[in-house]
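Trainee: Could we go through this model together, feature by feature, so that I learn how to read each one?

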Amino acid sequence: MNQEQSKKQIAILGSTGSIGTQALDVIAEHPDRFEARVLTANTRWQLLAEQARRFLPAAVVIADERHYEALSAALADLPIQVFAGPDALCQVVQSSEVEMVLTAMVGFAGLAPTIAAIRAGKPIALANKETMVVAGELINRLCRENQVPILPVDSEHSAIFQSLIGEVSPIEKIILTASGGPFRTFTREQLETVTPAMALRHPNWDMGAKITIDSASMMNKGFEVIEAKWLFGVEPSRIQVVVHPQSVVHSAVQFADGAVKAQLGVPDMRVPIQLAFSYPERLHSNFGRLDWFTMHDLTFEAPDTERFRCLALAYEALHRGGNAPCIVNAANEIVNRAFLEGRCRFLQMADVIADTLDRATFITTPTYEDYLQSDAEARRIATSILNL
């Protein structure tokens, strides 16, 4: 096998987003090990074209078909196949040349292509947490049937994954750390008046707008609780959220003897991305390192689920089971966008999600088609509540 053939061929779903661009940083750091086989974007065709010119993938997909002609014209002089539409996302990940799929799309839209990749037997580097939130039980079953591994990319779930390497004993508790977001110390009265611009200033992490708002409301952490249940097979009562403002301890696992293993590092998403690409090997990187002599204070505190009700709603959905997490996710996508556009107040987001959860049709054992219908129904309900 020559050097060119030995490079791992990676499809990046959502290459123009925060995770996707950092994944390309990792590929650029190790051009002898990884190659971008497929790049996809939702609407940002100009950036997708720039990425394609630099990394020369075999194919690109723009999900929004309105941009197909512009993207095709921009890449007309290169031997790159250009596709458009949601169906194309599902088709490109099934290519025999693709060896791993990084699911870095944001939201419910990542579910269908992730399922297509699993059915095609592709290992998944999972950054689209909504996939496990909405359909964790279905995804786990499909992974078992197709013998497909999931390598978590979220810093918290990667930390848990790393803490479990070599362990054979059951998990007593998962300690899921949270920065607390930009409003950790705000009173409820202060939260009444926060703006999207304030919410987009995350203290530690560089993320896209949707995830940054979810982090501010702590819904992102609620989704990570649901994701942890399905990734690691633990009950919600054994997943403890701990607010850790410094974001140095990325998460930890407690075992039956009381021992706790944690993964620490600088807050840099390229580290878990690279590990997912190279596992079980760890590759050298030029990313940042912890300075042990400047970490004077590492603090930990309990989350306030009254001020940050979204976290409590995620636990509630997990306890209800069935399609309840799907309903919460759909409603959250609606209110998240509404808040960004100034059509919903910060604290109102949780109220709309809770009302939607109560009004939407509950299904105990949903199928894939049920998830699609639940998502659509919850979006309609949340939108109607906002318009009252």
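Predicted model: local features only at pLDDT ≥ 70, side-chain atom pairs only at ≥ 80, totals over all residues.

Trainee: Which ring pairs with that of F183, and why is the pair called edge-to-face?

Mentor: Two rings pair if their centres lie within 6.5 Å, and planes over 60 degrees apart make the pair edge-to-face. By this rule the model holds five aromatic pairs. In one of them, the rings of F183 and F346 have centres 5.3 Å apart and planes at 85°, so this pair is edge-to-face.

Trainee: How is the ring of F339 placed relative to that of F346?

Mentor: The centres of these two rings, F339 and F346, are 5.7 Å apart with the planes at 65°, so that pair is edge-to-face as well. F339 has a relative accessibility of 1% and therefore counts as buried. Taken as a group, F183, F186, F339 and F346 form one aromatic cluster.

Trainee: Where does the charged end of K229 sit?

Mentor: Here one looks for a charge placed over a ring, and the charged end of K229 sits over the ring of W230, 4.7 Å from the ring centre.

Trainee: How many disulfides does the model contain?

Mentor: A disulfide is a covalent bond between the sulfur atoms of two cysteines. Applying a cut-off of 2.5 Å between the sulfur atoms, the count comes to zero. C143 is in no disulfide, the nearest cysteine sulfur being that of C90, 15 Å away. C143 is buried because its relative accessibility is 9%. C344 is likewise in no disulfide, and the nearest cysteine sulfur, that of C310, is 9.5 Å away. With a relative accessible area of 5%, C344 is buried.

Trainee: Turning to the surface, which residues form a nonpolar patch?

Mentor: The residues that form this patch are L264, W292, F293, L298 and F300, and together they have about 580 Å² of accessible area. Among them, L264 lies in strand β11, which spans residues 260-264. L264 has a relative accessible area of 31% and is therefore partly exposed, a label given to values between the buried limit of 20% and the exposed limit of 50%.

Technical notes
Residues numbered from 1 in each chain as written. Heavy atoms only, no water. Patch = residues over 30% accessible without salt bridge, like charges linked within 9 Å, V, L, I, M, F, W, Y side chains within 5 Å. Areas by Shrake-Rupley, 256 points an atom, 1.4 Å probe, with all protein chains shown as cover. Salt bridge = Lys/Arg side-chain N within 4 Å of Asp/Glu carboxyl O. Helix = DSSP H or I, 4+ residues; strand = E, 2+ residues; numbered from the N terminus. Buried < 20%, exposed > 50% of the residue type's maximum accessible area, 1.4 Å probe, protein only. Phe/Tyr/Trp six-rings, centres within 6.5 Å; stacked < 30°, edge-to-face > 60°. Lys NZ or Arg CZ within 6 Å of the ring centre and 35° of its normal.
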